[in-house]
Amino acid sequence: AMSAALVGYSSSEEEQEEERGSRGDGAQRPPGASAGRPRLPAPADLPGDPDPEEAVSDDSSQHGGRVRGFPHERGNWATHVYLPYIAQEEFLELLELLVSHARTYVPSLAAMEEFHLSLSQCVVLRYHWIEPFVRSLRERLAAFHRFFCVADQVKVYTNQNKTRTFIGLEISAGHFQLLELVSEVDGVLEEFDLPTFYKDPSFHISLAWCVGDLSGRLEGQCLRELQDIVDEFEDSAFLLRVQWEQIRCKSGNKYFSFPLR
């Protein structure tokens, strides 16, 4: 089975963003935010949440080999750097075709509600680090120009501990520019002693997900049929050529945008 290392996902921007603290993923309200509002009951495990145990790398030799997940401390903010992909109507039509076909193999698949290409894992930032972290990102990313990618290769991914499976569109052109961006983002992460991105990453836009490792059912025949759907989709060559215009960083419920020149 393919174990392409998977990036930490950010959840839907509009939903449950204010009150992520209730989900135990380390993101908390900023000090002084109103605690009086009733919380929306949030599902325990949204597809967008990083798996706690893979969200922060930790020196396990310090505590008997156990790998600590997100420390449940106030003031830890789940943080992710990515390129947002704005879905056009035709893309959503293609998504619908792909997901409904893939469901004949794995009925529990759910379509993603927002789309992005990750440039970092999901990492944990202390609240007082957010501002310097964002400032450092802004400086390092300021020189980058807009560029195109082609995302047209259907691929199946599992996350690191095989608790979720994803169908994504892998980048077939534009890999070099993405590596250059990651190299700058990695530089910022290193300044803050945070885990850098995967070596040799498979850049992709996730389309759908399900719980568990169901890659065996989706690979092979299903994957070939999904690729055929993409290749035969009207104007797919035009549709899947993406121009990136901005980089985004999400930390807890805050969003920061870095326009490309």
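Mentor: One term is needed before anything else: angles over 145 degrees between two axes count as roughly antiparallel. Keep in mind that this is a predicted model.
Trainee: At what angle do α2 and α6 pack?
Mentor: Helix α2 and helix α6 (residues 221-232) pack at an angle of about 160°, and their axes are 10 Å apart. The pair is therefore roughly antiparallel, since the cut-off for that is 145 degrees.
Trainee: Is the crossing of α2 and α6 left-handed or right-handed?
Mentor: The crossing of these two helices is right-handed.
Trainee: Which residues make the contact?
Mentor: From α2 there are Leu94, Leu97, Leu98, His101 and Ala102. From α6 the contact uses Cys222, Glu225, Leu226, Ile229 and Val230.
Trainee: Stepping back, how many helices and strands does the protein have?
Mentor: The protein has 7 helices and 10 strands. It has 261 residues, and 51% of them count as buried.
Trainee: And the contacts, what share join residues at least 24 apart?
Mentor: Taking contacts between residues at least 6 apart in sequence, 80% join residues at least 24 apart.
Trainee: Now aromatics. How many aromatic pairs are there?
Mentor: There are 8 aromatic pairs in the structure. One of them is Trp77 with Tyr127, whose ring centres are 5.4 Å apart with the planes at 40°, so that pair is tilted.
Trainee: Where do Trp77 and Tyr127 sit in the chain?
Mentor: Trp77 is in strand β1 (residues 76-85), and Tyr127 is in the loop between β4 (123-126) and α3 (130-141).
Trainee: Buried or exposed, what does Trp77 count as?
Mentor: Trp77 is buried, at 0% relative accessibility. Tyr127, at 32%, counts as partly exposed.
Trainee: What about Phe91 and Phe115, how are their rings arranged?
Mentor: Phe91 and Phe115 are edge-to-face, with 5.1 Å centre to centre and 80° between the planes. Phe91 belongs to helix α2 (residues 89-102) and Phe115 to strand β3 (residues 115-118), 24 residues apart. Both are buried.
Trainee: Which residues do ring pairs link into a cluster with them?
Mentor: Tyr85 and Trp244 join Phe91 and Phe115 in a cluster linked by ring pairs.
Trainee: What sits over the ring of Phe148?
Mentor: The charged end of Arg241 does, 3.7 Å from the ring centre.
Trainee: Backbone next. What is phi of Asp200?
Mentor: Phi of Asp200 is near 55°, which is positive in a residue other than glycine. Asp200 lies in the loop between α4 (175-191) and β7 (204-211), and with a relative accessible area of 74% it is exposed.
Trainee: And Asp235, what is its phi?
Mentor: Asp235 has a positive phi of about 60°, and it is not a glycine either. Asp235 is placed in the loop between α6 and α7 (236-239) and counts as exposed, at 53% relative accessibility.
Trainee: Last one: which strand holds Gln153?
Mentor: Gln153 is in strand β5 (residues 147-158). At a relative accessible area of 33%, Gln153 is partly exposed.
Trainee: Which residues does Gln153 touch?
Mentor: Leaving out residues up to four places away in sequence, Gln153 touches Gly168, Leu169, Glu170, Ser172 and Gln227.

Terms used: Residues numbered from 1 in each chain as written. Predicted model: local features only at pLDDT ≥ 70, side-chain atom pairs only at ≥ 80, totals over all residues. Heavy atoms only, no water. Phe/Tyr/Trp six-rings, centres within 6.5 Å; stacked < 30°, edge-to-face > 60°. Helix = DSSP H or I, 4+ residues; strand = E, 2+ residues; numbered from the N terminus. Buried < 20%, exposed > 50% of the residue type's maximum accessible area, 1.4 Å probe, protein only. Lys NZ or Arg CZ within 6 Å of the ring centre and 35° of its normal. Axes fitted to C-alpha atoms, helices over the stretch in contact; angles between N-to-C directions. Parallel < 35°, antiparallel > 145°, perpendicular 65-115°, else oblique. Left-handed = near helix turned anticlockwise from the far one by under 90°. Contact = heavy atoms within 4.5 Å.
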